[in-house]
Amino acid sequence: GLPATGKAYAYYGELSQILRDYIEQRFHLHAPERTTPEFLNEAALSGVLSTEQQRFLERFLRHSDRVKFAQLQPGLKDMEQHMHEVRRFVTETAADPDTLTQDAA
């Protein structure tokens, strides 16, 4: 309900933290403890993300930083679009359940 109430700071803070936590668990990158530039550098050097995925992360995290630190006030449409993009990133990068089952065996 944060987008509908105009609470962009809280919304982007939570959404970017969720994404960073996911990335840390999925790719073993230390996203939550790093600044955006540090994390983007680590992601680029790791080779675990495609160029397109890295570009998305750069755009999204820099936008989130502008909301959180420069008082940017995005509209409802922008917030909904970013949620859709984060969901798409997670869906596209989620581990294949069959692979996880095989790895556990």
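Predicted model: local features only at pLDDT ≥ 70, side-chain atom pairs only at ≥ 80, totals over all residues.

Student: Let's start with the helix pair H1 and H4. How are they oriented, roughly parallel or roughly antiparallel?

Tutor: Helix H1 covers residues 8-27 and helix H4 covers residues 76-93. They pack at an angle of about 5°, with their axes 11 Å apart. Angles under 35 degrees count as roughly parallel, so H1 and H4 are roughly parallel.

Student: Which classes of residue make up the contact of H1 with H4, and how many are nonpolar?

Tutor: On the H1 side, the contact includes Tyr11, Leu15, Leu19 and Ile23. H4 brings in, among them, Met79, Met83, Val86 and Phe89. Sorted by class, there are 2 polar and 3 charged residues, and the nonpolar ones number 13.

Student: Moving to Ser64: is it buried or exposed?

Tutor: Ser64 sits in helix H3, which spans residues 51-69. Leaving out residues up to four places away in sequence, Ser64 touches Tyr12 and Ser16. Its relative accessibility is 0%, and the cut-off for buried is under 20%, so Ser64 is buried.

Student: And Arg55, is that one buried or exposed?

Tutor: Arg55 lies in helix H3 too. Its relative accessible area is 52%, and exposed means over 50%. So Arg55 counts as exposed.

Student: What is the C-alpha separation between Arg55 and Leu40?

Tutor: Along the chain, Arg55 and Leu40 are 15 residues apart.

Student: Is His28 buried or exposed?

Tutor: The relative accessible area of His28 is 63%. Exposed starts at over 50%, so His28 is exposed.

Student: Which loop holds Gln71, and what is its phi?

Tutor: Gln71 is found in the loop between H3 and H4. With 59% relative accessibility, Gln71 counts as exposed. Though Gln71 isn't a glycine, its phi is positive, at about 55°.

Technical notes: Residues numbered from 1 in each chain as written. Heavy atoms only, no water. Helix = DSSP H or I, 4+ residues; strand = E, 2+ residues; numbered from the N terminus. Buried < 20%, exposed > 50% of the residue type's maximum accessible area, 1.4 Å probe, protein only. Contact = heavy atoms within 4.5 Å. Axes fitted to C-alpha atoms, helices over the stretch in contact; angles between N-to-C directions. Parallel < 35°, antiparallel > 145°, perpendicular 65-115°, else oblique. Nonpolar A, V, L, I, M, F, W, Y, C, P; charged D, E, K, R; others polar.
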